[in-house]
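Please consult the sequence and structure shown below.

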Number of protein chains: 2
Amino acid sequence: MGVTVSKGDLTRERIVAQAAPIFNQRGFAGCSMADVMEVTGLEKGGLYRHFSSKQALAEEAFKYSLAQSVKTRTADLGHIEGAVEKLRYVVRRFVETPSAVAGGCPLMNTAIDADDANPELRALAKKGFARWKTRLGGIVEAGIEAGEIRAEVEPRRVANVMIAALEGALTISRLDGDKEALRDAAWMLERMLEGIKVVKEKRPARAAVTS
Amino acid sequence: MGVTVSKGDLTRERIVAQAAPIFNQRGFAGCSMADVMEVTGLEKGGLYRHFSSKQALAEEAFKYSLAQSVKTRTADLGHIEGAVEKLRYVVRRFVETPSAVAGGCPLMNTAIDADDANPELRALAKKGFARWKTRLGGIVEAGIEAGEIRAEVEPRRVANVMIAALEGALTISRLDGDKEALRDAAWMLERMLEGIKVVKEKRPARAAVTS
């Protein structure tokens, strides 16, 4: 069964994809509909046929940027065995892969841009962080259930520390123009992840004492 | 000897103090000179007599917000004994004290707001982060010299991890409207700081084995 995509849908998708990096780099107030007209080559009438307001377009642009970002950061995560290895992979991907949409992390950008000024975008950023926290926390939980991660580890705490350190470090690294802060954060997170593992001894402790 | 402060200087200082929270909350593009006129009660002519452009005012406002923030976060730091205790105090102050200027951390806000859009503000934010890193790194270095912190600890890494985790967590906490992310980051940093200390044993290890 074929899926029919209208020309209008394609134009709408193209507008969102072209507007996303401008909103991600300049923020809501820093991006005008005139900027979007320029980058898409559309007239005012053409643009407003698809989006009733800058707010409506900015929300779609954020969702698009976030979806691209999640795809880039978690590509192939399903193929990785083990909870701790999965979390390590998330850290490495975050450090190594450039932003999926120009301008850095859309979650962080929108959180800072919208926290005091735009309740709708703020709510979308909050939801984005909450989902990421749930996803990372879920990996920790699965690791506890599998006996790989120590039972007393708090999944939420591991998730919060990972997200905070990576996002904070990305902001510093983008300013500094190098990956030093990101690599330092990754180093600390690697140690944290090593520390939550169940230590499997090769021989029982008693045997080691008596041998 | 008295210091003479002119009426013009006082007006200038008042404009900066009143504009600072607007720039900190809304960002450069989101704050207009009309907004500043409204909050200060000044006419256009009065405002431009003190600041030739929005850019000039935004730079002063950022410097003011950062100075307030540094003052709040490091108040009494000089009275604290010991490098690790000093670093712990920085973590606690960051978690416990509200933003000195409404809108969250001016460093983080300006870093995100200006990184792709405003080279002058970007440079000021970069300098602010670099100074903070140097200050925290200096505390670690002093701790190493005093034999309190292990010699192989990298001061820059400790500073980067502290700043990244605290700033990232603050952004999440501001969105969530609670301190959970900040407390989780502080928990991890406490463990990191505990881990960099030179462990002083009360008795030599040999004695413990033979007693």
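Helix 1 of chain B and helix 4 of chain B are roughly perpendicular to each other (an angle of 65 to 115 degrees). The model is predicted: local features need pLDDT of at least 70, side-chain atom pairs count only at pLDDT 80 or more, and totals for chains, interfaces and linings use all residues. Residues are numbered from 1 along each chain as its sequence is written, while chains are lettered from A and ligands numbered from 1 in the order in which they are written.

**Helices 1 and 4**
- Helix 1 (residues 7-30) and helix 4 (residues 54-74) of chain B pack at about 95°, their axes lying 8 Å apart; helices are DSSP runs (H or I, at least four residues), and axes are lines fitted to C-alpha atoms over the stretch in contact, with angles running from 0 to 180 degrees between N-to-C directions.
- The contact (C-beta atoms, placed from the backbone, within 7 Å) includes B:Phe23 and B:Phe28 of helix 1 and B:Phe62 and B:Tyr64 of helix 4 of chain B.

**Helix 6**
- Nine of the nine residues of helix 6 (residues 106-114) of chain B are buried, so the helix is largely enclosed by the rest of the structure; buried means that 20 or more other C-beta atoms, placed from the backbone, lie within 10 Å of a residue's own.

**Helix 7**
- The 27 residues of helix 7 (residues 119-145) of chain B should span 39 Å at 1.5 Å a residue, which agrees with end C-alpha atoms 38 Å apart.
- Among its buried residues are B:Phe129 and B:Trp132.
- The cover over the buried residues of helix 7 of chain B includes helix 8 (155-176) of chain A.
- B:Gly147, with a positive phi near 75°, follows helix 7 of chain B.

Terms used: Helices (H or I, at least four residues) and strands (E, at least two) are DSSP runs, numbered from the N terminus. Angles under 35 degrees count as roughly parallel, over 145 as roughly antiparallel, 65 to 115 as roughly perpendicular and the rest as oblique. Two residues are in contact if their C-beta atoms, placed from the backbone, lie within 7 Å. A residue is buried if 20 or more other C-beta atoms lie within 10 Å of its own, exposed if 12 or fewer, and partly exposed in between; C-beta atoms are placed from the backbone. The expected span of a helix is 1.5 Å times one less than its number of residues.
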